[in-house]
Amino acid sequence: MGTFLRLLGISSDDNRIDQATGLTEKQKKLVQNTWSVIRKDEVRSGVLVMTTFFKKYPAYQQHFAAFKDIPLDALPDNKRFQAHCASIIAALNNVIDSLHDPGLMEASLTSLAERHKKRGQTKEEFENLKGVVLQVLGQALGRQFTPEVSEAWSKTLDVAFGKIYQVFAS
């Protein structure tokens, strides 16, 4: 039976749950494989996340001194905005790349959360961003965003954002 499953690309290890993240190996693979779509154009993907975020939560744009007074439709061409957007995708890259090294992921997310906490960002803002990231992933992946992929991403973002929330709570 194991040989048959391996021929189908399914390993008996795929259902093993990583105690540190709560994700199965299969869920990690699904996240990493689908993330490659976003990674192809990190600036464009980041711009999509942040413009969607600002459309849904317009007041949040005022938290960014570098582009708070720039009209939303002009933001995608603004290089400082693009740089910030690329840094968001880079942070998510770190999460995805360190799914097999939860300690590294936690250290990276702790640094990110500490910087944002000092700037006055809140857990609520990050929670809203998490929802936008899932929405944009669904749009970008289209039919690839199956219920199974959606669940894997939800769990991954819950783990990552949970680490961020721990810093906000301290």
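Which residues does asparagine 128 touch, not counting residues up to four places away in sequence? Asparagine 128 touches Phe53, Tyr57 and Tyr60, where contact means heavy atoms within 4.5 Å.

## Basis of the model

This is a predicted model, in which local features need pLDDT of at least 70 and side-chain atom pairs count only at pLDDT 80 or more, while totals for chains, interfaces and linings use all residues. Residues are numbered from 1 along each chain as its sequence is written, and side-chain values use heavy atoms, with hydrogens and water left out.

## Asparagine 128

Asparagine 128 is placed in helix α6; helices are DSSP runs of H or I with at least four residues, numbered from the N terminus. The residue counts as buried because its relative accessibility is 14%, given that buried means under 20% relative accessible area, exposed over 50% and partly exposed in between, with a 1.4 Å probe and protein chains only. Its side chain makes a polar contact with the side chain of tyrosine 60 at 2.7 Å. A polar contact is a pair of N or O atoms within 3.5 Å; within protein, one must be able to donate a hydrogen and the other to accept it, and residues adjacent in sequence count only if both atoms are side-chain atoms.

Tryptophan 153 touches Val31, Thr34, Trp35, Ile96, Leu134, Leu137, Leu141 and Phe145, not counting residues up to four places away in sequence.

## Cavity

A search of the whole structure finds 1 cavity of 30 Å³ or more. On a 1 Å grid over the protein atoms alone, a cavity is a set of points where a 1.4 Å probe fits but cannot get out, a pocket is an open set with protein on both sides within 12 Å along at least five of seven lines, and lining residues have an atom within 4 Å of a point. The largest cavity has a volume of about 50 Å³, and its lining consists of Trp35, Ile38, Ser45, Val49, Ile89, Leu92, Val133, Val136 and Leu137.

At least two lining residues of the largest cavity come from each of α2, α3, α4 and α6, with α6 giving the most, 3 residues. By class the lining has 8 nonpolar residues, 1 polar and no charged, where Ala, Val, Leu, Ile, Met, Phe, Trp, Tyr, Cys and Pro count as nonpolar, Asp, Glu, Lys and Arg as charged, and the others, Gly among them, as polar.

The largest pocket has a volume of about 420 Å³; 25 residues line it, and the closest to its centre are Ile88, Leu112, His116, Phe126 and Leu129. Helix α4 contributes the largest share of this lining, 6 residues, and the lining divides into 17 nonpolar, 5 polar and 3 charged residues.

The second largest pocket holds about 190 Å³ of space and is lined by His63, Phe64, Ala65, Ala66, Phe67, Arg80, His84, His116, Arg119 and Gln121, a set with 4 nonpolar, 4 polar and 2 charged residues.

Methods
Points joined across faces, edges and corners; volume = space filled by probe spheres on them.
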